[in-house]
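Hi,

Here is the structure I promised to pass on.

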Amino acid sequence: VQLEHNIRKLVKMSETLGKHASIKVEPKLGELYVKCYSETWCRAKVINDCPLTVFYIDYGNSEEIDKEDLHPVPEEHKRLPAMALKIKLAEGTSDSYLNLGFSETLSVKAVEKLTDGTFIVHIKGEKYEMSNHSESAYPAGVYSDKERNARHVLGLVKDNDTGVWINVQKVMSSECLTGSLSLQTKSADYVSMLDISELLRNIEPSPSFKPEEGDLVSVRAGTTWCRGYVMLLTEEDITVALVDYGMTISVKEKNITPLPPKYHTYPVRQAVRIILKTPLESKAGMIGNEIHLTNVQKVK
């Protein structure tokens, strides 16, 4: 798929992509070139040399071609990020979306990024009653399994614990919430969200920092500083998954800085997804509220 706001950029880029069309090349595996496809100049990456096959990095399709069809990429277009994204509809999405036609538009939100670069997405208007994806509360490919399991607030929670609250950030259904878990129990590994923000506020900014997907960062959201990882880069903004909140936000590059290694796993991460034994009577007004949890049972 492509992001809708990139369509105009693609049209504009295609106007100058073919300016080296008179120059032939000797294709190399993994290199980027230009090819005319359906009367449109496109960036094409060689993914196989026998037969010669290219992947159109801004459109998401591939094709077997002749080497005479390839030409050099203009310098100004070499470093622009690929505009095609691979997505997977989250479990629970209606089957009516399985046979979409070319150029159809969907309103989606990424909730997790897999290690192969695929984005798990929710479709606007769909109900995900028991989704396994909770706004990237558990980032795949960023933390090791050991870090993800051992350095999380759930490691400090005991079954039937009564000193547990959740600050709700998203209502996924009448039975499923995501947000930040806070504890009454004292622990050297647990730090309140307010104190985490103060720790991060003291980090020296890095003006030369150029974020890449997967980078662990400190991000400013309003007056609050949060931990997160870079989920998606576009020319306009950066999507960051907040690992203590269970949600994603879009920010400008000036509002993020590298997260020092000492804060990668300390304090324990606090984003959680909870399943309620008794469904909510109303979902209105839940966002931002702190709810006291009782009869807590951790799902194995």
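Quick definition before the details: I call it a salt bridge when a side-chain nitrogen of Lys or Arg sits within 4 Å of a carboxyl oxygen of Asp or Glu. Keep in mind that this is a predicted model.

By this rule the count comes to eight salt bridges. One of them joins Lys67 to Glu26, with the closest N and O atoms 3.3 Å apart. That pair ties together distant parts of the chain, 41 residues apart: Lys67 is in the loop between strand 4 (62–64) and strand 5, and Glu26 is in the loop between helix 1 (7–17) and strand 1 (32–37). Lys67 is partly exposed at 36% relative accessible area, while Glu26 is exposed at 54%.

Another one pairs Lys35 with Glu63, the closest N and O atoms being 3.4 Å apart. Here strand 1 is linked to strand 4, across 28 residues. Lys35 counts as buried because its relative accessibility is 7%, and the cut-off for buried is under 20%. Glu63, at 26%, is partly exposed.

Then there is Arg43 with Asp58, at 2.7 Å between the closest N and O atoms. Arg43 lies in strand 2 (residues 40–49) and Asp58 in the loop between strand 3 (52–56) and strand 4. Both Arg43 and Asp58 are buried.

On to the strands: three of them make an open sheet with mixed pairing, in the order 5-7-6. Strand 5 (87–89) and strand 6 (108–113) are the edges. Strand 6 runs antiparallel to strand 7 (residues 119–123), over five bridges, and Lys109 stands opposite His122 in strand 7.

Cheers

Terms used. Residues numbered from 1 in each chain as written. Predicted model: local features only at pLDDT ≥ 70, side-chain atom pairs only at ≥ 80, totals over all residues. Heavy atoms only, no water. Pairing = 2+ DSSP bridges. Helix = DSSP H or I, 4+ residues; strand = E, 2+ residues; numbered from the N terminus. Buried < 20%, exposed > 50% of the residue type's maximum accessible area, 1.4 Å probe, protein only.
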